[in-house]
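Subject: Structure for your review

Dear colleague,

Please find the structure below, together with its sequence.

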Amino acid sequence: MARRWIPSELLQAPKKAKKKAAEASSNVFSMFEQAQIQEFKEAFTIMDQNRDGFIDKSDLRDTFCALGRLNVGNDELDEMLKMAPGPINFTIFLSMFGEKLKGTDPEETIINAFKIFDPEGQGVLKGEDIKYYIMSQADKFTEAEVEDMFANFPLDVAGNLDYKNLCYVITHGEDKEAE
């Protein structure tokens, strides 16, 4: 008779197993503010096209189609699904975003990095200056990447980049003014 793998949680006393499962899921939810969780839930619901509580290959394909990308290959979808530790329910979906966001510095740290170029603390930088810096220093941006950044974070009428709002979007995922 072949040995079957049994999750360790099932071998524990029922109360202990429930507590461990609750701790794992509560840790995921404690990583985000309630408003962020609601936004992730809305995104999950949009992606879960067949409304079965899981995002599968068919859901991913439908999501790409809705975004205008019709030629997504099975290999690409399979690679995306392999990134998840198992079937993608909402908790797994949230965990995956939490793992991706763990590498993001806190908002204040990013703002302080921009303040090096803004000693007066005005909260904005000249677009041409920031373009020069990010194309010539450290991990150099290409012209196309700079244009993409300015398309997503347009300069104001004076040609300045509101870096405080940019930092907010990087760390929170939504424009302050849109709230």
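The largest pocket has a volume of about 470 Å³. A pocket here is an open set of points on a 1 Å grid over the protein atoms alone, where a 1.4 Å probe fits and protein lies on both sides within 12 Å along at least five of seven lines; lining residues have an atom within 4 Å of a point. Grid points are joined across faces, edges and corners, and the volume is the space filled by probe spheres set on the points. This pocket is lined by 17 residues, and those closest to its centre are Met80, Met83, Phe93, Met96 and Phe97. Two elements, helix 4 (57-66) and helix 6 (90-101), each give two or more residues to the lining, and helix 6 gives the most, with seven. Helices (H or I, at least four residues) and strands (E, at least two) are DSSP runs, numbered from the N terminus. By class, the lining has 13 nonpolar, two polar and two charged residues. Ala, Val, Leu, Ile, Met, Phe, Trp, Tyr, Cys and Pro count as nonpolar, Asp, Glu, Lys and Arg as charged, and the others, Gly among them, as polar.

Please note that this is a predicted model, in which local features need pLDDT of at least 70 and side-chain atom pairs count only at pLDDT 80 or more, while totals for chains, interfaces and linings use all residues. Residues are numbered from 1 along each chain as its sequence is written, and side-chain values use heavy atoms, with hydrogens and water left out.

The second largest pocket has a volume of about 290 Å³. Its lining includes Phe114, Phe117, Tyr133, Phe141 and Leu166. Helix 7 (107-115) and helix 8 each give two or more residues to this lining, and the largest share, three residues, comes from helix 8. The classes here are 10 nonpolar, one polar and one charged.

As for the chain overall, it has 10 helices and two strands, in the order α-α-α-α-α-α-α-β-α-α-β-α. Of its 179 residues, 26% are buried; buried means under 20% relative accessible area, exposed over 50%, and partly exposed in between (1.4 Å probe, protein chains only).

Side chains of opposite charge can pair when their charged atoms come close. The count of salt bridges is five, a salt bridge being a side-chain nitrogen of Lys or Arg within 4 Å of a carboxyl oxygen of Asp or Glu.

- Lys82 is exposed at 60%, whereas Glu79 is partly exposed at 47%.
- Lys131 lies in helix 8 (residues 127-136) and Glu143 in helix 9 (residues 143-152), so the pair ties together parts that are 12 residues apart in sequence. Lys131 is buried at 17%, while Glu143 is partly exposed at 39%. Salt bridges with shared partners join Lys131, Glu143 and Glu147 into one network.

Yours sincerely
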